[in-house]
Amino acid sequence: MQAKTLFPNSYLLVGVCSDDLTHKFKGFTVMNEAERYEALRHCRYVDEVIRDAPWTLTPEFLEKHKIDFVAHDDIPYSSAGSDDVYKHIKEAGMFVPTQRTEGISTSDIITRIVRDYDVYARRNLQRGYTAKELNVSFINEKKYRFQNQVDKMKEKVKTVEERSKEFVNRVEEKSHDLIQKWEEKSREFIGNFLELFGPDGAWKQMFQERSSRMLQALSPKQSPVSSPTRSRSPSRSPSPTFSWLPIKTSPPSSPKAASASISSLSEGDEDEK
């Protein structure tokens with residue numbers, strides 16, 4: 001990428017050494033040469049991959065592939081009995097220095113794998129790899145599998161704890177809501193109770209009204225002494241009144257006297273009429 005930035009219109013060739021040379025001069029690799037070829041071939045900035053490249057670039061190799069510049073980091077690379085295998089390239093003015101990206105190198109990757117070897121071994125055992133494929137002894141295999149079971153139990157316990165915390169938080173939230181609603185309802189109930197049964201409540205007013213009505217019903221007002229007389233309707237004729245006067249009669253001494261008294265009574269009635 002840095003070479004393409006320095007020379008945008010250049011044709012980038014990347015040489016990859018074989019496993020034999022790499023194992024001889026540098027050490028054992030994580031990826032074999034075929035995997036390294038394919039990885040570089042799929043890089044967008046690489047135009048061509050040169051397989052089985054030499055460890056030290058010779059003039060014949062540079063002329064064969066028509067290479068004008070060689071890009072590599074500027075740190076002297078001691079290998080194959082030389083203090084710097086790129087010294088003659090630098091002296092010829094064909095060297096283009098590049099910058100290393102911190103944290104991205106084969107050595108750093110291997111260091112992380114070795115440091116966390118137990119973690120990767122346990123992970124691959126859990127994914128179905130055999131102890132033979134991982135080059136793990138029988139005792140270590142059992143140890144790793146036991147550690148995997150312990151980790152599973154820890155995860156379950158952690159999950160239960162998280163769920164219990166969530167449940168407790170929900171209960172607390174609901175309890176706060178219930179307490180708040182209870183306080184609101186209690187205030188409303190007390191207010192309604194005071195409005196109904198307080199000193200000036202509606203129940204007292206209603207009781208006073210009913211008691212006054214009962215007192216009025218039990219002790220009605222006295223009627224006036226002189227009540228107005230009814231006026232007789234002109235259609236009805238006055239009914240006759242009779243006055244009975246006691247008359248003391250003595251037994252007649254004779255039939256003539258008795259007849260005389262009866263006649264006198266009849267005459268008296270005719271006069272009144």
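Buried residues (under 20% relative accessible area with a 1.4 Å probe, protein chains only; exposed is over 50%, partly exposed in between) make up 16% of the 273 residues in this protein. Keep in mind that the model is predicted: local features need pLDDT of at least 70, side-chain atom pairs count only at pLDDT 80 or more, and totals for chains, interfaces and linings use all residues. Residues are numbered from 1 along each chain as its sequence is written, and side-chain values use heavy atoms, with hydrogens and water left out.

**Overall layout**
- You'll find 10 helices and 4 strands here; these are DSSP runs numbered from the N terminus, with helices being H or I of at least four residues and strands E of at least two.
- Start at the N terminus and the elements go α-β-α-α-β-α-β-α-β-α-α-α-α-α.
- Take the contacts (heavy atoms within 4.5 Å) between residues at least 6 apart in sequence: 48% of them join residues at least 24 apart.

**The annotated stretch**
- An unreviewed UniProt entry labels residues 143-170 "coiled-coil region"; such positions use the numbering used here, feature names are shortened, and annotations may be inferred rather than shown by experiment.
- In the model, residues 143-170 are 100% helix and 0% strand, with 40 Å between the end C-alpha atoms.

**A look at asparagine 124**
- Asparagine 124 sits in helix 7, which covers residues 117-126.
- Why does asparagine 124 count as buried? Because its relative accessibility is 18%.
- Beyond its neighbours within four places in sequence, asparagine 124 touches Tyr129 and Leu134, in the sense of being in contact with them.
- Leucine 134 is 10 residues from asparagine 124 in sequence, and their C-alpha atoms are 8.0 Å apart.
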